[in-house]
Amino acid sequence: MAERQLGDPHDTQMHSPQSQTKDDMIGYVMALEAALLPCLPARELQAIDRSPHPSHQIDVERHARDFMEAAKKLQLYFISLQREDQPTKEEILQKDIAMMEEEVKTKTDLIKKQERLIQGWRKELKDQLEKHNVELERV
């Protein structure tokens, strides 16, 4: 019933994923609401359910079917959202690899910096040794 008015929410291919997700959610909620609204007056529905008129029975069945379809779509939507929130094994591994590569880069830069520092110390020590040797030769 509500689907006929709203159209299939999966037909909105031109929107961005986030916009499409929001549109899907709104569509599902509207479909669920449209299916639930006729069910609100429970006494009236019970009376219709007991009614001998076949058209009343068809209305009850149609409302129940619309409600179940909307509830199922909403449930599937929430399940898909839950799956989207959980990263895949590949995404987890890619993230771990990126973190490790960043760590390797940082440590490599630190090692290079320390090697330059050590080379500077070696040069200073050589210069001091040479200076001391020159002084010793004078003496």
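What follows is a conversation about a predicted model of a protein and about the terms used to describe it.

Biologist: Why is K107 said to form a salt bridge with E103?

Modeller: The term asks for a side-chain nitrogen of Lys or Arg within 4 Å of a carboxyl oxygen of Asp or Glu, and the closest N and O atoms of K107 and E103 are 3.0 Å apart, so the pair meets the definition. By this rule the count for the protein comes to one salt bridge. Both K107 and E103 lie in helix α5, four residues apart, which is about one turn of the helix. In general, side chains of opposite charge can pair when their charged atoms come close.

Biologist: Why is A31 called buried?

Modeller: Its relative accessible area is 12%, and because buried means under 20%, A31 qualifies. Of the 139 residues of the protein, 14% count as buried.

Biologist: What makes L117, I118 and W121 a nonpolar surface patch?

Modeller: A patch takes residues with over 30% relative accessible area, and nonpolar side chains are joined within 5 Å; W121, for one, has 47% and is partly exposed, so W121 passes the area cut-off. The patch made by L117, I118 and W121 comes to about 300 Å², and W121 lies in helix α5, residues 89-138. The protein as a whole exposes about 12,000 Å², with carbon and sulfur atoms supplying 58% of it.

Biologist: What is known about residues 97-131?

Modeller: The UniProt annotation "coiled-coil region", from an unreviewed entry, covers residues 97-131, and in the model this stretch is 100% helix and 0% strand, with its end C-alpha atoms 50 Å apart.

Biologist: How do you know where confidence is lowest and where it is highest?

Modeller: On a scale from 0 to 100, helix α1, residues 2-6, has the lowest mean pLDDT, at 42, and α5 the highest, at 95. Over residues 1-15 the pLDDT is below 50, and this stretch has 22 contacts in the model beyond near neighbours in sequence. Where pLDDT is low, the predicted coordinates should not be read in detail. The protein averages a pLDDT of 75, and 63% of the residues score at least 70.

Notes. Residues numbered from 1 in each chain as written. Predicted model: local features only at pLDDT ≥ 70, side-chain atom pairs only at ≥ 80, totals over all residues. Heavy atoms only, no water. Patch = residues over 30% accessible without salt bridge, like charges linked within 9 Å, V, L, I, M, F, W, Y side chains within 5 Å. Areas by Shrake-Rupley, 256 points an atom, 1.4 Å probe, with all protein chains shown as cover. Helix = DSSP H or I, 4+ residues; strand = E, 2+ residues; numbered from the N terminus. Buried < 20%, exposed > 50% of the residue type's maximum accessible area, 1.4 Å probe, protein only. UniProt positions renumbered as here; feature names shortened; annotations may be inferred. pLDDT = per-residue confidence, 0-100. Contact = heavy atoms within 4.5 Å.
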